Amino acid sequence: MARGHQKLQSQQKNAKKQAEIKKSKGHDQKAAAKAALVYTCTVCRTQMPDPKTFKQHFESKHPKSPMPPELAGVEA
């Protein structure tokens with residue numbers, strides 16, 4: 001087991017390595033946002049994250065179109 005100066009050097013080296021891994025990996029916000037958009041409007045192909053938002057969109061943007069079956073039991 002490392003002691004003293006050797007332990008400190010090892011910790012610094014590991015911290016630097018972890019920072020490089022994290023930096024190279026990054027976080028892709030576009031991909032995460034796109035994955036969250038689950039529901040797609042059948043009329044205009046707009047994507048929405050949840051059924052409540054989808055129903056609100058459908059009622060406001062497409063009032064004359066028939067309601068899709070997946071929104072039948074959803075409360076707005």
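Select histidine 62 to begin: at a relative accessible area of 12%, this residue is buried (under 20% relative accessible area; exposed is over 50%, partly exposed in between; 1.4 Å probe, protein chains only). This is a predicted model, where local features need pLDDT of at least 70, side-chain atom pairs count only at pLDDT 80 or more, and totals for chains, interfaces and linings use all residues. Residues are numbered from 1 along each chain as its sequence is written, and side-chain values use heavy atoms, with hydrogens and water left out.

Stay on histidine 62. The residue sits in the segment after helix H3 (51-61); helices (H or I, at least four residues) and strands (E, at least two) are DSSP runs, numbered from the N terminus. Show its contacts (heavy atoms within 4.5 Å). Beyond neighbours within four places in sequence, histidine 62 meets Cys41, Val43, Cys44 and His57.

Next, pick histidine 57, in helix H3. Histidine 57 counts as buried, at 13% relative accessibility. Leaving out residues up to four places away in sequence, histidine 57 touches Cys41, Cys44, Thr46, Met48 and His62.

Now select Cys41, Met48, Phe54, Phe58, Leu71 and Val74. These 6 residues form the largest nonpolar core (buried Ala, Val, Leu, Ile, Met, Phe, Trp, Tyr and Cys residues joined through side-chain atoms within 4.5 Å). Zoom to phenylalanine 54. Its contacts, neighbours within four places in sequence aside, include Tyr39, Pro68 and Glu70.

Finish with residues 39-61. The end C-alpha atoms lie 15 Å apart, and the span is 48% helix and 17% strand.
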